[in-house]
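Subject: Structure handover and notes

Dear colleague,

I am passing on the structure we talked about, together with some notes on what I found in it. Please keep it open while you read, so that you can look up each place as it comes up.

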Amino acid sequence: MGTKLRNSRKLTVILIMMSIVIPTFFMMNQYWNWYVSAEAEVENAGHAVVVSEDFLRTFLDAGYILYNLENDGDKDQEEVKEVLRAEQGKMAAYERIYPFLDYRVKDKNGKDVAKSTADSDKTVTESNLSSFALGMVITYDEYGEIDVQIKEGKYKSEQSVAFREVISEYDDTDWGIESYVEDTGEWETIELEKPKNRTYLYAMTEENLQAYIDDYGYTGYYASQSMTNLVIIMVMVVAVLAWLLPALPVWYHADLRILKAPLEVTALIYFVVIQILGENLWWIAQRSMGSPDIFDFLIWSIVFAVTFWAAACVRQVYTLGVRTYLRERTWCVRYWKYIHRAWVLIVEKVRRWLHHCYHFIDRIDLREKNNRTIFKIVAVNFVVLAFLCTLWVGGIFLLVVYSVVLFFLFQKYFHELQDKYRILLKATGEIAKGNLDVEITEDLGIFSPFKQEIQKIQTGFKKAVDEEVKSQRMKTELITNVSHDLKTPLTAIITYVNLLKDEKDEEKRKDYVAVLERKSLRLKVLIEDLFEVSKASSKNVTLNLVDVDVVNLFKQVKLEMEDKIAGADLDFRCVYPQEKVTALLDSQKTYRVFENLLVNIVKYAMPHTRVYIEIAKEEGEAVVRMKNVSAAELDFNTEEITERFVRGDASRNTEGSGLGLAIVKSFVELQKGKFRIETEADLFKVEVRF
């Protein structure tokens, strides 16, 4: 039994070797035929180049270029260069052939005008054109008519025929450009001159001609179709042998590990080998010039060995069954759950990315310049379209799919945009109806800035409404207070007038008259204050601005009020700066400001307390600060206390017009100053800045 297994193993190895070696020798036996075919392909390619109309037309273009670049002509060289730069296709063809071209230019007298030698030791003349691989003479007569003679060339008869076709179709009027003339303000055509009385000798050596053909794009890298067909046939034969030979009774059926390669690995290795082979068939055909060697044997042995191995691996589909083979020999099935998880993860990532891109557009802030954002959107779309265009026919199909997806994406986006617009429109409608408490809870996306602006409008409207309510309340209180303050002395005057009529006692009559005088003066002061604060509020006040020494003016006011201050039993603590503090003020109005502030202190400060006065110069401003302890509880609004007829004494039991602080505020603001009142418990603080 052991001898039989050994014989079976040997026979199997022999059959495998024969399946690889016989096709290898068969391929090597065809090398000479392939080499001849490849050379023929190269020859055909070179022939196609040198007899092509594009190749021959280059020599006619060269005549125009050389003629118009002659230094002794009367042409403007800058204009010539401008025209040549405009003729990009013709100049490119000329510049491609120039390094490989020998030429000589002669005038009508046979005198040399120009010549060039392209990497050869020979100077082209009419007598030695036959020593070149290609030689021709192109003559232009005095009218510019062209005559071509092919003196040397492997295909000169074909070139002569092709040249006649080129000359008949050659357009010698298209060498020009439109140029703007500043002097005339018109466009004119600048054209190159047609060559006249010139003979051009063109020649190319064998090496230069072949180098030009190679540079033209025909590199000689060709494998004949017969070689390609034979490779395909032999690969299929080896694959069939790998499937059929194991069916023989003598075949050694062993569970070889090398045949358990996964399908993906087998396919990858095989296609890599075939791809490398296909790209280098031309090199194999021409490498040894039709004479194979050991290196060629190794190449084909590897190719057929890999083919036999790949086919033997795939053959297990037959021995194991399709289901078992897929489960045991393919990674896709074996690791399907992991692949599925990865796929789900990738899809989720892509979905999030698309969602991000979608909302990236949705979050554009319309208040900002969006040039950069628009550029990003256009750039992304350009990248997608550029990628689809590289896929050719498949790309066209994907482009249709992409366009459909883009349509539905934009349709969905604009529907959402319409919904958000309706929410915004509804909210503005509610505000227009007077509902200032309407709240937008939805996400408005691109309209989010409008949501914030609507909230600002609501806040502004509420503030305006509150101000209007406050103003109406203040007007009502103003009327009430004015009525009260005017009515009180007026009532007293009427009462004492009636008493005075019936009173016979002279002493009492004098007392009544004194009271009448006092009440009349109070009524006069009240009316004057009202008139003055009205003028200040309407800005109908003329200011006499001068440089005022703020400290001396305050001292003067305080000195004139010493009796009242002493009567109120207040201890003034004043702090004055050492330097002089001056400001551009109206001295009369400023005097009234200080007087009203001191009167307010004397009237409302708690007796037997200290009053702090500070005058300073801070950052170019004259600052006056006053602090006193109030006799009554400070329960008023500091913002309203400076309004007209508003008093800290809400019961209005004390004498006063309620206009003192209103006048102070008006006069300070008229002089571009700032007036501020603060309270802290029972501490009343005033600050004036000029």
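Predicted model: local features only at pLDDT ≥ 70, side-chain atom pairs only at ≥ 80, totals over all residues.

The chain contains 23 helices and 14 strands, and of its 690 residues 37% are buried. If you take the contacts between residues at least 6 apart in sequence, 70% of them join residues at least 24 apart.

Two pairs of helices are worth looking at with some care. In the pair formed by helix α9 (residues 263–279) and helix α11 (residues 294–314), the axes are 10 Å apart and the packing angle is about 155°. Since an angle over 145 degrees counts as roughly antiparallel, α9 and α11 are described as roughly antiparallel to each other, and their crossing is left-handed. On the α9 side the contact is made by Leu 263, Thr 266, Ile 269, Tyr 270, Val 273 and Leu 277, and on the α11 side by Trp 300, Val 303, Val 306, Thr 307, Trp 309, Ala 310, Cys 313 and Val 314. Sorted by type, the residues of this contact between α9 and α11 are 12 nonpolar and 2 polar, with no charged residue.

The other pair is helix α20 (residues 550–560) with helix α22 (residues 587–604), which pack at an angle of about 50° with their axes 10 Å apart. That angle makes α20 oblique to α22, and the crossing of these two helices is right-handed. From α20, the residues Val 550, Leu 553, Phe 554, Gln 556, Val 557, Lys 558 and Glu 560 meet Ser 587, Thr 590, Tyr 591, Phe 594, Glu 595 and Leu 598 from α22. The residues of this contact between α20 and α22 comprise 7 nonpolar, 3 polar and 3 charged ones.

With a relative accessible area of 1%, Thr 590 is buried, and, leaving aside residues up to four places away in sequence, Thr 590 touches Leu 553, Leu 585, Gln 671 and Phe 690.

Turning to charged side chains, the count of salt bridges comes to 18. One of them joins Asp 54 to Arg 57, with the closest N and O atoms 3.2 Å apart. These two residues are 3 residues apart in helix α3 (residues 53–68), so about one helical turn separates Asp 54 from Arg 57. Asp 54 is partly exposed at a relative accessible area of 47%, and Arg 57 is also partly exposed, with a value of 24%.

A salt bridge of another kind of placement is found between Arg 676 and Glu 687, where the closest N and O atoms are 3.1 Å apart. Because Arg 676 lies in strand β13 (residues 674–680) and Glu 687 in strand β14 (residues 683–689), this pair ties together parts that are 11 residues apart in sequence. Arg 676 is partly exposed, with a relative accessible area of 39%, whereas Glu 687 is buried at 12%. The side chains of Lys 685 and Glu 680 also meet in a salt bridge, at 3.4 Å from N to O, and Lys 685 is buried with a relative accessible area of 18%. Through shared partners, salt bridges join Glu 614, Glu 618, Glu 621, Arg 625, Arg 676, Glu 678, Glu 680, Lys 685, Glu 687 and Arg 689 into one network.

Some single residues remain. Asp 569, in the loop between α21 (562–567) and β9 (571–575), has a phi near 55°, which is a positive value in a residue other than glycine; Asp 569 is partly exposed, with a relative accessible area of 35%. Glu 619, in the loop between β11 (610–618) and β12 (621–629), likewise has a positive phi, of about 50°, although it is not a glycine, and Glu 619 is exposed at 84% relative accessible area.

Definitions and conventions: Residues numbered from 1 in each chain as written. Heavy atoms only, no water. Axes fitted to C-alpha atoms, helices over the stretch in contact; angles between N-to-C directions. Helix = DSSP H or I, 4+ residues; strand = E, 2+ residues; numbered from the N terminus. Parallel < 35°, antiparallel > 145°, perpendicular 65-115°, else oblique. Left-handed = near helix turned anticlockwise from the far one by under 90°. Contact = heavy atoms within 4.5 Å. Nonpolar A, V, L, I, M, F, W, Y, C, P; charged D, E, K, R; others polar. Salt bridge = Lys/Arg side-chain N within 4 Å of Asp/Glu carboxyl O. Buried < 20%, exposed > 50% of the residue type's maximum accessible area, 1.4 Å probe, protein only.
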